[in-house]
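Subject: Structure handover

Hello,

Please find the structure below. My notes on it follow.

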Amino acid sequence: MPPHLPAEPAGPTGSVGSAPPAPADSAPAPDPRPGDAGAPSRPGPSPDPVRDPWRSAMRLALAEADAAAAAGDVPVGAVVLSPDGEVLARGHNEREATGDPTAHAEVLALRRAAEATGEWRLTGCTLVVTLEPCVMCAGALVQARVARVVFGAVDEKAGAAGSLWDLVRDRRLNHRPEVIHDVLGEECAQQLTAFFRAR
Ligand SMILES: [Zn+2]
């Protein structure tokens, strides 16, 4: 039984825009929230309607990534959510564990989601992953027709969802998933940094 998500992503159209603006600085600072008096200097607590709905799913992806690291693989984890926000599948990087160069978290999660639904088209689904997808995974996301890709850390050296390439939003393609970046981005980046530091 997949654990349900406490904060469900607000439906298929819950997120805003395909090019998310910079989070905090445009928002009006005075935010009347009770019991959170000393918070304005910290970036975390200010509400972010675009990213906040995906945080709980990103925590699941982070937990998946931990499983990768435990097996000696670079910690990248992914989950696929149904249009209703239910967890359909999970995956983590298994290149070292399986010796398969295509065993990236996203590919494995997409395959399992397709198995679970019995349908290669993952229409309306969202893939949540701790690191910006590479070209292969970005291609797989487009092939799977997911509605949305949500990622944590940016991969400036190989990212294909806005960094080095923007394959998922290439206007020449018929299907272009929405992209939401920097959901728990710092935590995702720290997990990777810690892994490489410990090697
Ligand atoms: Zn990949």
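In which loop is arginine 145 found? Arginine 145 sits in the loop between H4 and E4. Helices (H or I, at least four residues) and strands (E, at least two) are DSSP runs numbered from the N terminus. The phi of arginine 145 is positive, near 60 degrees, and the residue is not a glycine. Most residues other than glycine have a negative phi. Arginine 145 counts as partly exposed because 16 other C-beta atoms lie within 10 Å. The cut-offs are as follows: buried means 20 or more other C-beta atoms within 10 Å of the residue's own, exposed means 12 or fewer, and partly exposed is in between, with C-beta atoms placed from the backbone.

Aspartate 182 also has a positive phi without being a glycine, in this case near 65 degrees. Aspartate 182 is in the loop between E5 and helix H5 (185-197). Aspartate 182 counts as buried, because it has 20 C-beta neighbours inside 10 Å.

Model and confidence

This is a predicted model, in which local features need pLDDT of at least 70, side-chain atom pairs count only at pLDDT 80 or more, and totals for chains, interfaces and linings use all residues. Residues are numbered from 1 along each chain as its sequence is written. The average pLDDT (the predictor's confidence in each residue, from 0 to 100) of the protein chain is 86, and 78% of the residues score at least 70. The pLDDT is below 50 over residues 8-39, a stretch that has 34 contacts in the model beyond near neighbours in sequence. Contact here requires C-beta atoms, placed from the backbone, within 7 Å. Where pLDDT is low, the predicted coordinates should not be read in detail.

Overall layout

The protein chain has five helices and five strands, and from the N terminus on they run α-β-β-α-α-β-α-β-β-α. Of its 199 residues, 39% count as buried. Among contacts with a separation of 6 or more, 61% are between residues 24 or more positions apart.

Sheet

The five strands make an open sheet, ordered E2-E1-E3-E4-E5, with mixed pairing. E2 and E5 are the edge strands, each pairing on one side only. Pairing requires that DSSP finds at least two bridges between two strands. From one strand to the next the twist averages 15 degrees.

E1 and E2 are antiparallel, with five bridges, and alanine 89 in E2 is the bridge partner of valine 80. Their hairpin has five residues between the strands, and glycine 85 in it has a positive phi near 90 degrees. Six of the six residues of E2 are buried. E3 and E4 are parallel, also over five bridges, and leucine 131 stands opposite alanine 153 in E4.

Helix H3

H3 packs on the sheet and touches E1, E2 and E3, and its direction makes about 150 degrees with that of E2. Such angles run from 0 to 180 degrees between N-to-C directions, with axes fitted to C-alpha atoms, for helices over the stretch in contact. H3 covers residues 105-117; its 13 residues should span 18 Å at 1.5 Å a residue, and the end C-alpha atoms are 18 Å apart, so the two agree. The expected span is 1.5 Å times one less than the number of residues. Glycine 118 follows H3 and has a positive phi, near 70 degrees.

The buried residues of H3 are Ala105, Glu106, Val107, Leu108, Ala109, Leu110 and Ala113. Their cover includes helix H1 (55-70), strand E1 (77-81), strand E2 (87-92), strand E3 (126-131) and helix H4 (135-143). Alanine 105 is buried because 31 other C-beta atoms lie within 10 Å.

Beyond four places in sequence, alanine 109 is in contact with Ala78, Val79, Val80, Ala89, Arg90, Gly91 and Leu127.

Regards

Definitions and conventions:
Two residues are in contact if their C-beta atoms, placed from the backbone, lie within 7 Å.
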